[in-house]
Amino acid sequence: MTSWQQDKSELSATENRWVDRARDGDRLAFEQLYRSHCDRIHALCWRMCGGDRALAEDMVQEAFVRAWNKLHLFRGDSKFGTWLHRLAVNVVLSDRRIRVKRLQREQEMGDDVERTLMGDRDVYAGLRKDLEAAIAGLPERARSVLVLYDIEGYQHNEIAEMTGMAVGSSKAQLHRARKLIREVLKDPETK
Amino acid sequence: MKESELQNAIDSLPSNIKPQRDLWPGINARLGSVEKGDHAHHKTVWWRTPAMAAAVLLALTGGIFIGRGLDTSPAFEPSQTVLEYAFLGTVAATEREYQAAFRELVPLDYSGLQLEGAEPDALRGSWEDLLQTETSLLAALREYPSNIYLNEKLLDLRSQQLQFVKQLALLEQSNWRRT
Amino acid sequence: MNTGKLKIVAALLALAPLSLLADESVDERWEISANASISIENIAGEIVIEGWDKKEAWLTGELGDSVEELEISASGNSLRIDVLNRSERNVDSTELKLMVPNGANVEASAVSADINVSGLSNEKLTASSVSGDVEVEISSQRVSIESVSGNVEFDGETARISAESVSGDVELSGVSGDISATTVSGEMELRAGVIENGKLETVSGDITVSGEVSANGKLRAESMSGDVGLSLPSSQPGTFKAQSFSGRISTDFGSVKSEKHGPGSHLKHVAGNGGAEIRVESFSGNIKLIHD
């Protein structure tokens with residue numbers, strides 16, 4: 001085994017131990033799971049929430065609390081991270097506050113994006129910020145599909161199942177999202 | 001911007017974004033307010049506050065949601081066929097499964113449902129009709145435990161009761177999501 | 001946020017400008033294809049949908065005070081309208097009327113709002129409410145109507161219908177083909193044409209059916225404590241089976257026999273070539289099979 005493979009299998013084994021102990025009620029073990037997956041889940045929630053920091057934090061907490069409650073249902077036939085991720089997607093999609101917030105967010109969102117991406121000293125930081133802002137400004141359904149498909153790697157049939165829209169609608173929303181982003185990035189004055 | 005440029009830009013977005021503050025304390029605090037429960041029982045935890053938990057207990061002791069089960073094992077009649085024997089056995093097993101499934105679902109009282117005006121009463125009325133049927137059917141089965149038709153009706157009823165409870169569950173879930 | 005004003009957010013694809021309204025009325029039009037897909041969601045109040053022969057959708061109505069936003073996505077062949085309320089408690093009544101091309105396929109969903117659909121001749125209709133009534137008068141290939149405590153009613157033509165309520169009544173007229181109807185405690189009334197596959201079920205509500213069953217068709221009507229009455233042509237061919245535990249069976253088709261062992265009575269009768277299957281069952285409800 002190469003060292004990379006070794007690390008990966010050790011990581012899984014460790015995580016499985018945490019999951020088992022968390023299932024039995026061990027909070028320290030659950031905290032390890034939290035620390036291990038928090039940034040990923042937060043990225044998902046933050047983007048799905050359209051860059052609303054407070055709402056995203058709420059969603060992250062909600063997702064982990066729900067994971068704790070449903071841990072007994074996790075059977076280990078997928079990776080814990082995959083299961084957790086799906087659960088978080090459902091938490092976000094079923095929270096209607098996100099849809100309502102969209103109108104208010106436009107003004108405050110700019111600052112949120114800036115602050116969240118601070119510390120990114122990459123050369124492409126500027127484009128990244130514009131892109132995140134463009135994504136955050138998308139209409140809710142288009143944004144959800146773009147985030148889930150292009151960033152989080154779900155397939156259209158999975159997205160359709162999770163969102164309750166038809167597979168065709170998912171594809172249409174993705175197309176629409178990419179088109180809108182291109183327009184916004186071309187001319188930042190557009191909406 | 002070309003499609004491929006956009007794709008590259010999106011691909012380069014980070015998949016991890018650290019939150020600006022540690023969210024664990026908030027999560028930890030909320031873990032405490034919910035009973036972990038015995039994982040062997042796989043309870044669907046629907047009650048969210050102690051008040052609701054008390055309401056569920058009340059509903060249970062009031063017999064509002066607990067159904068009753070077959071309390072006699074089938075006494076096979078000599079005139080019955082092998083298929084009929086097998087069927088009666090199946091019904092008995094299904095009864096046990098039903099009681100178990102039903103206890104798992106254990107719905108709430110209606111206060112959590114945020115339903116409009118007449119609805120809780122209408123639904124309660126429907127549930128009572130189901131329970132009324134259950135009572136009559138079980139009484140008949142006590143007298144004629146091997147009656148195939150009655151056993152078939154019992155299976156039908158269980159399926160209707162489960163259907164009712166599942167619908168209530170869906171209502172409750174969609175309601176919860178909205179609040 | 002502008003209180004007292006309403007923003008209607010139309011998707012960029014619709015190319016309609018954002019409009020700020022002074023009052024809570026809505027009046028919007030879109031060009032849309034003859035067989036567009038329409039979807040509308042409103043929690044409380046009313047949804048009225050009517051078909052017309054224009055290739056246009058026209059939304060009018062009064063928005064409740066609790067409405068935050070009317071979310072609309074419109075394209076050449078689809079329209080989606082969603083009423084979003086500020087909070088999901090204390091939702092005020094929003095009354096919407098939507099004129100749509102009469103070939104449009106419609107999906108309407110509500111919680112306490114009533115839904116009323118008429119004047120369409122389309123392929124598909126789905127309407128569901130939780131406590132509202134659902135009333136549909138159209139001609140459609142496939143219909144699905146449901147409510148939990150509201151009544152569901154259909155009058156028109158369809159080849160396939162699924163109608164469900166829990167405590168509400170189910171009333172269907174002009175249906176034929178594939179019919180599935182269930183209610184727990186509501187009354188069920190079916191006035192059908194030719195039934196290919198009928199499945200009717202209640203627990204305590206009565207079932208009343210008139211129609212006929214096709215040569216190789218099936219009709220099953222079951223109730224626990226409700227009475228079941230079937231009115232069929234005297235020439236109806238088929239195999240008739242009826243059974244009740246403690247209810248009374250009366251019939252113009254064949255004759256009733258008591259059970260040999262224990263209570264109950266049943267009926268088995270073959271008319272004509274016996275291809276169709278007509279089955280009626282109850283626990284304690286009375287069963288009546290009559291010539292129409």
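Modeller: Two strands count as paired if DSSP finds at least two bridges between them. The model under discussion is a predicted one.

Biologist: What makes strand β16 and strand β22 of chain C a pair?

Modeller: Strand β16 (residues 207–223) and strand β22 (residues 277–282) of chain C are joined by 6 bridges in the parallel sense. The requirement is at least two bridges, so the two strands are called paired. Within this pair, C:Arg220 stands opposite C:Arg279 of β22(C).

Biologist: How do you know that β18(C) also pairs with β22(C)?

Modeller: The same rule applies: β18(C) and β22(C) run parallel and are joined by 6 bridges, and at least two are needed, so they pair. C:Thr239 stands opposite C:Glu277 in β22(C).

Biologist: In which sense, parallel or antiparallel, does β18(C) pair with β21(C)?

Modeller: Strand β18 (residues 238–244) and strand β21 (residues 265–271) of chain C pair in the antiparallel sense, over 7 bridges. C:Ser244 is found opposite C:Ser265 of β21(C).

Biologist: What do β20(C) and β21(C) form, and which residue in the turn has a positive phi?

Modeller: They form a hairpin with 6 residues between the strands, and C:Gly262 in the turn has a positive phi of about 85°. Strand β20 (residues 256–258) and β21(C) are antiparallel, with 3 bridges. Since at least two bridges are required, β20(C) and β21(C) therefore count as a pair. C:Val256 has C:Leu267 of β21(C) as its bridge partner.

Biologist: How many helices and strands does chain C have, and how many does chain A have?

Modeller: Chain C has 0 helices and 23 strands. Chain A has 9 helices and 0 strands, and its elements run α-α-α-α-α-α-α-α-α from the N terminus on. Of the 292 residues in chain C, 51% are buried. In chain A, 40% of the 191 residues count as buried. Among contacts in chain A between residues at least 6 apart in sequence, 60% join residues at least 24 apart; the corresponding share in chain C is 43%.

Biologist: Why are α7(A) and α9(A) called roughly perpendicular?

Modeller: Two packed helices are described by the angle between their axes and the distance between the axes. The axes of α7(A) and α9(A) come within 8 Å and cross at roughly 95°. Angles of 65 to 115 degrees count as roughly perpendicular, and α7(A) and α9(A) are therefore roughly perpendicular to each other. Among the residues that make the contact are A:Arg141, A:Leu146 and A:Tyr149 of α7(A) and A:Ser170, A:Arg176 and A:Leu180 of α9(A). By class, this contact has 7 nonpolar, 2 polar and 4 charged residues.

Biologist: Why is A:Glu57 called partly exposed?

Modeller: A:Glu57 has 19 other C-beta atoms within 10 Å. A buried residue needs 20 or more, and an exposed one has 12 or fewer. The value for A:Glu57 falls in between, so the residue is partly exposed. A:Glu57 has its place in helix α3 of chain A. The C-alpha atoms of A:Glu57 and A:His42, 15 residues apart along the chain, are separated by 7.2 Å.

Biologist: Which residues is A:Glu57 in contact with, leaving aside its neighbours within four places in sequence?

Modeller: A:Glu57 is in contact with B:Pro19 and B:Leu23.

Biologist: How many residues does each of chain A and chain B bring to the contact?

Modeller: The contact takes 35 residues from chain A and 27 residues from chain B. Several helices of chain A each supply at least two residues to the side that touches chain B, including α3 (53–70) and α5 (97–117). On that side of chain A, α2(A) gives the most, with 9 residues. The residues there divide into 14 nonpolar, 7 polar and 14 charged.

Biologist: Which residues of the largest nonpolar core touch the most other members?

Modeller: In this core of 92 residues, they are C:Val106, C:Ala108, C:Val117 and C:Val136. Helix α5 (residues 119–143) of chain B contributes the largest share of the core, 7 residues. Not counting residues up to four places away in sequence, the residues that C:Val136 touches include C:Leu125, C:Ile145 and C:Phe154. A second, separate core of 48 residues includes A:Ala22, A:Leu33, A:Val92 and A:Ile135.

Terms used: Residues are numbered from 1 along each chain as its sequence is written. Chains are lettered from A and ligands numbered from 1 in the order in which they are written. This is a predicted model: local features need pLDDT of at least 70, side-chain atom pairs count only at pLDDT 80 or more; totals for chains, interfaces and linings use all residues. Two residues are in contact if their C-beta atoms, placed from the backbone, lie within 7 Å. Helices (H or I, at least four residues) and strands (E, at least two) are DSSP runs, numbered from the N terminus. Ala, Val, Leu, Ile, Met, Phe, Trp, Tyr, Cys and Pro count as nonpolar, Asp, Glu, Lys and Arg as charged, and the others, Gly among them, as polar. Axes are lines fitted to C-alpha atoms, for helices over the stretch in contact, and angles run from 0 to 180 degrees between N-to-C directions. Angles under 35 degrees count as roughly parallel, over 145 as roughly antiparallel, 65 to 115 as roughly perpendicular and the rest as oblique. A nonpolar core is a set of buried Ala, Val, Leu, Ile, Met, Phe, Trp, Tyr and Cys residues joined through C-beta atoms within 7 Å.
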